Amino acid sequence: MQAQLECYTSDTVVADTTFVNLKDYSKEFVYDMKYATEDNFLKAKVYDCAECLLRLKTVQALVSANEDFMKDGYKIKLFDCYRPLSIQKKMWEIVSNAEYVADPKKGSIHNRGGAVDISLVDATGKELDMGTPFDFFGIQASHNYTKLSKKVLSNRKYLKKVMVRNGFNSFDSEWWHYNLKTGLKDAVSNQKWNCE
């Protein structure tokens, strides 16, 4: 009987909706967590630290996508991951415009741990040209905007193709934003991360 008990307690199973830190699952990402700095459209630091928490299933899909990119010599660069609802409220206080910030009454997929804002970097760490910076709120940031160079269109198409193949949906007006398809119905969360 004792051996059976040990068997069950030694294997910790983590639910796929549990929040985890991406860096505990892969060291192969580049981080530029914009909301942990003042270098963002809010012009305010709203995160206490630059950690990327996501639900486990989002992390697994993201690691898989990054492995695909690495085969071609690229890596995912992260600008934003999970966002606690309290921070969504703080952002809404700074910019109360649903075109730029999701209304905290509804919550966003970022508050559900199923969204990432990303770009790609090459082997030297140089960001691929996507035509606009992250969090650029003009028509040029849209996936449907085609008056861009062939290289930019190709880079965006490549990013989208690999992300969609790994279970993500794109967001039409923001080339950088990807939602995990299976994360859309997860609950809005206000879980805080541990800043060490």
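Modeller: In this predicted model, the sulfur atoms of Cys52 and Cys81 are 2.0 Å apart, and the two residues form a disulfide. A disulfide is a covalent bond between the sulfur atoms of two cysteines. The cut-off applied here is 2.5 Å between the sulfur atoms, and by this rule the count for the model is 1 disulfide. The angle about the S-S bond is -95°, and the link of Cys52 and Cys81 is left-handed.

Next, the place of each cysteine in the chain. Cys52 sits in the loop between strand E2 (30–31) and strand E3 (53–55), while Cys81 sits in the loop between strand E4 (75–80) and helix H3 (85–94), so the bond ties together parts that are 29 residues apart in sequence. Cys52 has a relative accessible area of 1%, so Cys52 is buried. Cys81 is buried too, because its relative accessible area is 1%. Buried here means under 20%.

His110 belongs to the loop between H3 and strand E5 (115–121). With a relative accessibility of 5%, His110 counts as buried. Setting aside neighbours within four places in sequence, His110 is in contact with Asp80, Cys81, Tyr82 and Arg83, and also with Ala115, Val116, Asp117 and His177.

Key. Residues numbered from 1 in each chain as written. Predicted model: local features only at pLDDT ≥ 70, side-chain atom pairs only at ≥ 80, totals over all residues. Heavy atoms only, no water. Helix = DSSP H or I, 4+ residues; strand = E, 2+ residues; numbered from the N terminus. Buried < 20%, exposed > 50% of the residue type's maximum accessible area, 1.4 Å probe, protein only. Contact = heavy atoms within 4.5 Å.
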